[in-house]
Amino acid sequence: MPSVSAAPAPVPALSARAWALLLVLCGTIFLEGIDIAMLAVAIPSIRADLDLSTGTAAWVMSAYILGYAGFTLLGGRAADLLGRRRMFLIWLTVFLVFSGLGGFATEGWMLLVARFVTGVSAAFMTPAAMSIITTSYEEGPQRNRALLVFAGTAAGGFSLGVVIGGLLTQLGWRWVFFAPVLLAGALLIAALRLLPRTGAAAEVPDKPERGFDLPGAAAAAGAMILLAAGVVRLEHGLSGWPLTAGAFAAGLLLVYLFVAVERRSAAPLVRLAIFRRAAMVRADLGAMLFVGSFFGFQLMVTLYLQELRGWSPLETSFALMLMALDAILAPTLTPVLVSRFGNMRVVLGGFVAAIAAYGLFLPVGPDWSFAMMTPTLLLTSVAFTLAYGPLAIAATDGVAPEEQGLASGLLYTATQFGSALGISAVTAVYGLASTTDATGELSAFRAALVVPVVMVVLGLAVTATGLRRGRPRAPHSPDVLDSTRRPAASAPAPAGDVATSGD
């Protein structure tokens with residue numbers, strides 16, 4: 001029997017075209033990440049220039065989340081049923097068009113429409129991109145490497161978006177919308193050339209499953225939008241609670257209707273048995289709590305620096321640059337750690353780093369120096385480096401190729417709900433704890449900062465239930481949150497040739 005300490009088997013190198021395709025797909029997740037983060041920095045300038053009310057400004061941020069969370073599940077399944085290449089190209093084009101329209105907005109409602117449709121386009125584009133990776137790279141070290149690079153790029157987009165948003169806002173807030181147009185245009189041109197026209201990455205079923213599940217799709221989209229709206233309304237605290245409760249109640253009713261429809265459908269949008277995959281469910285819940293904690297923490301740090309300390313958006317952006325180190329660490333360090341220690345242990349290390357990072361910031365004072373904030377910012381970057389990519393691997397590992405889009409959609413639905421939950425929860429706690437004096441404001445910041453800590457502690461508890469007991473597998477074997485290894489339903493094309501199939 002081979003020793004578990006045996007040297008890892010070498011991972012076959014990717015071809016130049018395979019790397020080029022991966023970079024294009026990573027470019028789209030980077031685009032999605034910076035789009036969210038940049039707007040968060042630019043909102044104060046947008047509000048002042050267009051004379052928006054506080055409520056309208058908040059909904060400009062929320063419209064994207066509603067579109068994204070509401071349609072990600074549908075977007076993931078559409079990639080499986082209607083073709084991954086087709087969905088990717090169509091919705092990347094929609095993203096480009098409506099991001100540009102947002103830059104020309106002169107009224108609040110124009111921004112709301114542009115942001116909602118941009119969120120919907122991301123809901124279709126992102127799962128398609130991820131499912132192209134999971135169906136084009138051989139399951140194991142090659143796919144893990146591709147997913148870690150993909151997830152690392154997403155993490156870098158979240159972090160660098162704050163910095164880039166601050167720089168662009170100095171030029172004018174409209175550049176926050178126009179810059180993504182330029183990047184999306186370049187990605188679209190490259191994707192037309194590099195995305196395979198045949199094979200798993202572009203696959204459309206030869207015999208569609210007796211039509212598309214329109215009732216299920218409508219119920220799923222309605223449920224997700226209503227639940228996301230309820231989560232977003234949590235930031236209002238007790239104000240208008242009947243509307244918040246009504247959104248949750250209607251959303252849960254549609255969830256019940258959705259389950260009833262799927263059980264009776266000959267061609268369900270979601271095969272409900274997929275939720276029996278404990279590893280996938282744990283990974284999705286862990287990702288929801290982890291991403292939610294990150295966005296909630298990032299929002300409170302930004303408010304602390306700008307509102308309590310009086311820093312400019314540009315100064316804030318440069319201060320938060322340390323959190324962007326994950327853009328370098330995730331694609332380089334995380335694959336090595338996963339190969340050496342296994343997926344689960346790296347995920348747990350990320351949660352522990354996040355707990356330490358947010359915990360160190362809890363006693364924040366009114367005049368903390370940047371040096372006092374540095375350990376938290378560095379640990380936050382390390383936490384994202386360790387947790388985000390391996391969670392993406394765990395959420396899709398062992399899933400059959402024909403359901404990779406669905407698995408990706410479930411993951412991104414979870415992360416979008418997480419981001420909405422984190423932002424809304426810290427905002428609600430901050431509002432409830434706020435008082436008129438400066439001391440009370442600082443106390444409110446500290447109270448709100450407890451929320452991210454609680455979320456990552458819960459995330460650690462959820463993911464730790466998948467920790468292996470007994471003999472670990474060899475370091476070179478792909479480690480997942482499941483307790484058993486299941487072969488993929490069919491082998492994808494070798495990753496070294498992924499970009500050439502169908503060309």
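Modeller: The structure holds four cavities of 30 Å³ or more. This is a predicted model, in which local features need pLDDT of at least 70, side-chain atom pairs count only at pLDDT 80 or more, and totals for chains, interfaces and linings use all residues. Residues are numbered from 1 along each chain as its sequence is written, and side-chain values use heavy atoms, with hydrogens and water left out.

Biologist: What makes a space a cavity and not a pocket?

Modeller: On a 1 Å grid over the protein atoms alone, a cavity is a set of points where a 1.4 Å probe fits but cannot get out, whereas a pocket is an open set with protein on both sides within 12 Å along at least five of seven lines; a lining residue has an atom within 4 Å of a point. Grid points are joined across faces, edges and corners, and a volume is the space filled by probe spheres set on the points.

Biologist: How is the lining of the largest cavity divided by residue class?

Modeller: Seven of its residues are nonpolar, two polar and one charged; Ala, Val, Leu, Ile, Met, Phe, Trp, Tyr, Cys and Pro count as nonpolar, Asp, Glu, Lys and Arg as charged, and the others, Gly among them, as polar.

Biologist: Which residues lie closest to the centre of the largest pocket, and which element gives the largest share of its lining?

Modeller: The largest pocket has about 1,100 Å³ of space, and of its 32 lining residues the closest to the centre are I43, M61, L299, L303 and T427. The largest share of that lining, eight residues, is supplied by α2, and the lining as a whole divides into 19 nonpolar, 10 polar and three charged residues. In the second largest pocket, with about 560 Å³, the lining divides into 18 nonpolar, one polar and one charged.

Biologist: Why are α11 and α12 called oblique to each other?

Modeller: Helix α11 (residues 326-341) and helix α12 (residues 343-361) pack at about 125°, with their axes 7 Å apart. Angles under 35 degrees count as roughly parallel, over 145 as roughly antiparallel, 65 to 115 as roughly perpendicular and the rest as oblique, and α11 and α12 are therefore oblique. The axes are lines fitted to C-alpha atoms, for helices over the stretch in contact, and angles run from 0 to 180 degrees between N-to-C directions. Contact, meaning heavy atoms within 4.5 Å, is made by T334, L337, V338 and F341 of α11 with N343, R345 and V346 of α12.

Technical notes:
Helix = DSSP H or I, 4+ residues; strand = E, 2+ residues; numbered from the N terminus.
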